[in-house]
Amino acid sequence: MLRRAVDLDGQPEKRQPVLGAFSVAGYPNLRSGVDAFVTFAESGAGMLEVGAPVADPWLDGPAIAAAHSCALRAGDGVRVTLETVRRVSARCDTPVVVMSYWSTIQSLGPQRMADVLAASGAAGCLVPDVPPERVEVWVAATAEAGISAPLLANRDASYAELGDICRTATGFVYAPAAAGQQTGHSAGIDLDGLAAFVQSVQQFAPSTPILTGIGVSTPELASAIVGRVDVSGVVIGSPLVRSLRSGADSLHQAAALVEEFVAALAAGGAP
């Protein structure tokens with residue numbers, strides 16, 4: 001299956017910040033979850049981030065953690081993730097990046113996991129907690145499979161650790177907007193601190209796009225980030241997951257929310 005590349009830079013003179021739209025595979029169920037991702041794409045999201053359900057999503061706050069639990073009640077997290085990616089990739093051209101914890105990668109083994117993700121149509125797989133001693137193995141496996149291996153740049157990492165992660169990541173580097181927080185954080189973001197951290201990332205990986213997320217709770221905040229911080233885009237998750245549990249009109253609400261964030265990014269990133 002042809003995989004859609006994650007192109008976050010494009011033509012420099014036409015570059016606009018991309019919106020990454022996250023939800024958990026199989027939430028609220030397989031069919032509705034697929035429809036949600038397709039709707040996100042149709043509403044302007046430039047990347048779809050599919051969370052692989054796990055029992056202990058340590059980086060995720062209450063809204064996304066509850067979505068993981070809901071999705072796991074329907075069955076195996078790897079199976080529902082691969083099926084979600086297959087169905088979404090068949091219905092839209094927007095690149096799909098899986099977000100998976102290392103425990104899931106271990107369940108099949110790095111090379112096997114990379115291969116089945118590639119076969120399903122994934123463009124990449126972001127793993128926020130790859131053990132340092134396994135990073136090279138994982139990135140080599142994804143390269144062999146033909147997909148990207150974005151990595152999370154820990155805000156608390158040492159200078160050496162940050163350099164290793166940034167230089168090794170492929171596709172993009174994920175720089176948390178809110179330091180030391182889980183997803184769903186809504187108490188604001190230190191924009192100056194984020195800008196300084198992103199500059200540090202760029203020193204190590206000047207040609208690798210940087211995405212930010214975690215704590216980007218409103219369109220206004222997303223606009224402020226891209227107006228102040230040199231990132232290629234913003235990923236949102238908790239606002240979308242919360243909207244998907246809101247009842248019969250949930251998909252319409254989620255679509256409207258994506259459109260609001262896309263418009264805010266365009267305004268914030270305008271010269």
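Which residue in E3 is the bridge partner of Glu 49? In this predicted model, the bridge partner of Glu 49 in E3 is Val 97. The pairing belongs to an open sheet of 8 strands with parallel pairing, in the order E4-E3-E2-E1-E8-E7-E6-E5. The edge strands are E4 (124–126) and E5 (151–152), each of which pairs on one side only.

- Strand E2 spans residues 47–51 and is mostly covered, with 5 of its 5 residues buried.
- Met 47, Glu 49 and Gly 51 point one way from E2, whereas Leu 48 and Val 50 point the other way, and all are buried.
- In a regular strand, side chains alternate between the two faces of the sheet.
- E2 is joined to strand E3 (residues 96–99) by 4 bridges, and the two run parallel.
- Besides the pair formed by Glu 49 and Val 97, Gly 51 has Met 99 as its bridge partner in E3.
- E2 also pairs with strand E1 (residues 18–24) in the parallel sense, over 5 bridges.
- Opposite Gly 51 of E2 stands Val 24.
- Between E1 and E2 the chain passes through helix H1 (residues 30–42), and this β-α-β crossover is right-handed.

- Helix H1 lies across E1 and E2 and runs at about 170° to E1.
- The largest nonpolar core has 96 residues, and the members that touch the most other members are Phe 40, Leu 48, Trp 138, Val 216 and Ile 225.
- Beyond its neighbours within four places in sequence, Phe 40 is in contact with residues including Ala 21, Phe 22, Ser 23, Ala 45 and Leu 48.
- Contacts of Phe 40 also include Leu 240, Leu 244, Ala 254 and Val 258.

**The loop between E1 and H1**

- Pro 28 is placed in the loop between E1 and H1.
- The peptide bond joining Tyr 27 and Pro 28 is cis, with omega at about -5°.

**Helix H9**

- Helix H9 covers residues 219–228, and its buried residues include Pro 219, Leu 221, Ala 222, Ser 223, Ile 225 and Val 226.
- The elements covering the buried residues of H9 include helix H8 (191–204), strand E7 (210–213), strand E8 (233–236) and helix H11 (250–268).
- An α-helix has 3.6 residues a turn, so residues three or four places apart point the same way.
- Gly 227 also lies in H9, but it counts as exposed because its relative accessibility is 56%.
- The C-alpha atoms of Gly 227 and Ala 270 are separated by 7.9 Å, although the two residues are 43 residues apart along the chain.

- Thr 212 is located in strand E7 and counts as buried because its relative accessibility is 0%.
- A polar atom of the Thr 212 side chain lies 3.3 Å from the backbone nitrogen of Ala 177.
- With residues up to four places away in sequence set aside, Thr 212 touches Tyr 174, Ala 175, Pro 176 and Ala 177, among others.
- Other residues touched by Thr 212 include Leu 194, Ile 225, Val 231, Gly 233, Val 234 and Val 235.
- Ile 214 is found in the loop between E7 and H9.
- Its phi is near 80°, a positive value in a residue other than glycine.
- Ile 214 is classed as buried because its relative accessible area is 6%, and the cut-off for buried is under 20%.

- His 185 lies in the loop between strand E6 (173–176) and H8.
- Because its relative accessibility is 17%, His 185 counts as buried.
- The side chains of His 185 and Gln 181 make a polar contact at 3.3 Å.
- A polar atom of the His 185 side chain also lies 3.1 Å from the backbone oxygen of Gly 188.
- Apart from residues up to four places away in sequence, His 185 touches Ala 178, Gly 215 and Ser 217.

Definitions and conventions. Residues numbered from 1 in each chain as written. Predicted model: local features only at pLDDT ≥ 70, side-chain atom pairs only at ≥ 80, totals over all residues. Heavy atoms only, no water. Buried < 20%, exposed > 50% of the residue type's maximum accessible area, 1.4 Å probe, protein only. Contact = heavy atoms within 4.5 Å. Pairing = 2+ DSSP bridges. Right-handed = clockwise from strand over helix to strand, strands pointing away. Polar contact = N/O pair within 3.5 Å; in protein donor to acceptor, adjacent residues only side chain to side chain. Axes fitted to C-alpha atoms, helices over the stretch in contact; angles between N-to-C directions. Core = buried A, V, L, I, M, F, W, Y, C linked by side-chain atoms within 4.5 Å.
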